[in-house]
Amino acid sequence: MYRARIGIRSHVFASLSELLAKASPFRSGDALAGVAAVSAEARMAARIALADLPLRAFLDTALIPYEQDDVTRLIVDDHDTAAFAPVASLTVGAFRDWLLSPRATTEALAALAPGITPEMAAAVSKLMRNQDLVVAARKIRVVTAFRSTIGLPGRLAIRLQPNHPADDPRGILASTLDGLLYGAGDACIGINPATDDPAKLRVLWEMLDQLIDRHGIPTQSCVLAHVTRQIEAIEHGVPVDLVFQSVGGTEALNRSFGVTLALLREARDAGLSLQRGTVGHNVMYFETGQGAALSANAHHGLDQQTCEARAYAVCRAFAPLLVNSVVGFIGPEYLYDGKQIIRAGLEDHFCGKLLGLPMGVDVCYTNHAEADQDDMDSLLTLLGAAGVNFVMGVPGADDVMLGYQSTSFHDGLALRETLGLRHAPEFEDWLLAHQLLDADGRLRDARSLPALPFDAAIAALRR
Amino acid sequence: MSLPAHDDDAEPPLSPADPWNALRAHTPARIALGRSGASLPTRELLAFGVAHAQARDAVHAALDVTALRAGLAGFGLPILEVRSAAPNRAAYLARPDWGRRLDPASAAVPSASVTPPAVLFVIADGLSAVAAQRHAVPLLAATLPLLEGLAVGPLVMATQARVALADAVAIRLGARLVVSLIGERPGLSAPDSLGAYVTCAPQPGTTDAERNCLSNIRPEGLGYAEAAQQLVALIRAALAAGRSGVALSMQAAPAPSAIER
């Protein structure tokens, strides 16, 4: 039982799950689940009670019983007590103060990550304003590598997302070349296929492999099919760089995605077995998103942000290259408007980073959400300030396969210019070698170039 | 007065398209847009704005049931009107559970005197009333003649409706199979895509894995005649098997996950 008194009213919270849910900033998905605070005052009472709670409480009380859920077991079994020691005596409220203080240096935060559980991260984020989420996340660096190095200070990478509604290889190649000529693609070139047909998927993997190989592009490909398709492909000798899977914060949600922790281990081992990384061996790419657990009725009464943070425990068990919160994709029944999407994007980025993950965010919305490009500009700029590792690059922000709006190649350029963010170093060298960047690191006008690096590929597509 | 034939001092256009403009032939994606500094050229900013405006208008448009009723009248079938428990569009968007339940008032509407039909059509606004308004009548005109020999029930118009609202109507009318013709979430390229969800033996709590779905029905996507052929094939196969969805091995995809509907 957890309590807080405001004036003459006493607020009581029966469980830790209820306390976390009611402390969460309002969002439609928590109202849909029936776990949101019923009044603004009740929400503040929950935050007051949460601020007084020792961080250790999360080690004593599992939100989903250990026996029932393998994500809980992962969280408990992997907890690093020594890493937790510097903050072991703090309450959640004092932890916020610590995170914002000069004591929480980049080095201290890196050492702390294995000692923090998802529930601790979610709890403290609920006491933090958007500004706090930016200030604290900015101090955290998580660097990963495969053929490019991602997450270095002052750098931003872009996942080039060249989707096509019918997986037409020429259409995908056209969007890929467009993105590369706009300086996008240093995080990866990642296709969401419309098909699940192994033969058609193989065409996409081989096309990207040839492009990357022929032009020496320091990046990695990914075809975001189900992980079993990717394992099969690896077994059949297909050139797979990154292994992708959507994951969630409960065993039941992962089951609804058709995955188990054992399957993810198998997938990672398969990816590593190909030894295709050059500057590093982070071979996994995960996507997550608030609301997924409720939509699969797999949330165990938890609020959606706490469920999301638990997904990061799954991710960090597999040393990923990229973790992407697809924040606005799920729709207005979970995140109703621009305000809720912006808040959730900052929470996910902060919580993931605090837990030691290479966080990117798909800054995005659907047409039935109360959001527009202005909201995405705000979130993208905030995430740039917060030091996000990577964002999406979709031609013209319009994903013609998935039917939603993400960030464009142009958005990536604008963010780089606004905040002085450079490409991944290997990719930057490649762009310079092909004269796509000028001496100031700015994209050159393609019409001023003597030759485009993909002239032959473009000419072939013209025929 | 004449236009200057050639002006060597004229500045080139501020934001021409990119030299690889020809690649646009291969994809509907917005490539080779050119740029103004790092940003979109004004013409592309406005083109995107128009597409988004149309999608937003489609989401918020109300189904004109009077006009739809007039269009459906020609089929010679009884016409019913139901609404979901979502009182308005804002509630509909935030509470998909309400959109799946019949409004208590309209729950009484379907008449017990109707003979239980084999096939029932529910025409629903969904996330694009524009799609239902434009495409439901021509799709039915192509579909109904192909259903010879099957008892087709009343045509039901449903507002503030999700796919599963059709289950509730079908259960009430005792229909063996229900087809929900419903406006899909508008994309930037198409604000008026109609979806057709086929559910055999609907029950309370039927999941999307138990439905089959045809998507993107509109003249520029899956045309009426082709959609009607596929739909009737699905209907007959589902009735023969006594089930629909993943269990029904057909070319048509099972309905995607429930997140957006």
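## Helix H20 of chain A and the glycine after it

In this predicted model, H20(A) is followed by A:Gly420, whose phi is positive, near 65°. Helices here are DSSP runs of H or I with at least four residues, strands are runs of E with at least two, and both are numbered from the N terminus. Eight of the eleven residues of H20(A) are buried, so the helix is largely enclosed by the rest of the structure. A residue is called buried if 20 or more other C-beta atoms lie within 10 Å of its own, exposed if 12 or fewer do, and partly exposed in between, with C-beta atoms placed from the backbone.

The buried set in H20(A) consists of A:Phe409, A:His410, A:Asp411, A:Gly412, A:Leu413, A:Ala414, A:Leu415 and A:Arg416.

## Numbering and thresholds

Residues are numbered from 1 along each chain as its sequence is written, while chains are lettered from A and ligands numbered from 1 in the order in which they are written. Local features need pLDDT of at least 70 and side-chain atom pairs count only at pLDDT 80 or more, whereas totals for chains, interfaces and linings use all residues.

## Chain A as a whole

Chain A has 22 helices and 14 strands. Its C-alpha atoms fill a box of roughly 75 × 45 × 45 Å along the principal axes. For 463 residues, a compact globule would have a radius of gyration near 23 Å, and the 22 Å of chain A agrees with this. That radius is taken over C-alpha atoms, and the globule rule is 2.2 Å times the number of residues to the power 0.38.

Of the 463 residues in chain A, 58% are buried. Two residues are in contact if their C-beta atoms, placed from the backbone, lie within 7 Å. Among contacts in chain A between residues at least 6 apart in sequence, 76% join residues at least 24 apart.

## Where chain A meets chain B

At the interface, 38 residues of chain A are in contact with 36 residues of chain B. On the chain A side, H2 (28-33), H11 (169-181), H20 (409-419) and H22 (455-462) each supply at least two residues. H11(A) gives the most, with seven residues.

By class, this side of chain A has 16 nonpolar, 13 polar and nine charged residues. Ala, Val, Leu, Ile, Met, Phe, Trp, Tyr, Cys and Pro count as nonpolar, Asp, Glu, Lys and Arg as charged, and the others, Gly among them, as polar.

## Helix H5 of chain B

The 15 residues of H5(B), 129-143, should span 21 Å at 1.5 Å a residue, and the end C-alpha atoms are 20 Å apart, which agrees. The expected span is 1.5 Å times one less than the number of residues. A kink of about 40° lies at B:His135, shortly before B:Pro138; the bend is the angle between axes fitted to the seven residues ending at a residue and the seven starting there.

Eleven of the 15 residues of H5(B) are buried. B:Gln133 belongs to this helix and counts as buried because it has 23 C-beta neighbours inside 10 Å. Leaving aside neighbours within four places in sequence, B:Gln133 is in contact with B:Leu63, B:Asp64 and B:Leu68.

## Confidence

The model scores ipTM 0.95 and pTM 0.92. Chain B has a mean pLDDT of 89, and 88% of its residues reach 70 or more; pLDDT is the predictor's confidence in each residue, from 0 to 100. Over residues 1-6 of chain B pLDDT stays under 50, and the model has zero contacts there beyond four places in sequence. Residues 256-261 of chain B are also below 50, but this stretch has eleven contacts beyond near neighbours in sequence. Where pLDDT is low, the predicted coordinates should not be read in detail.
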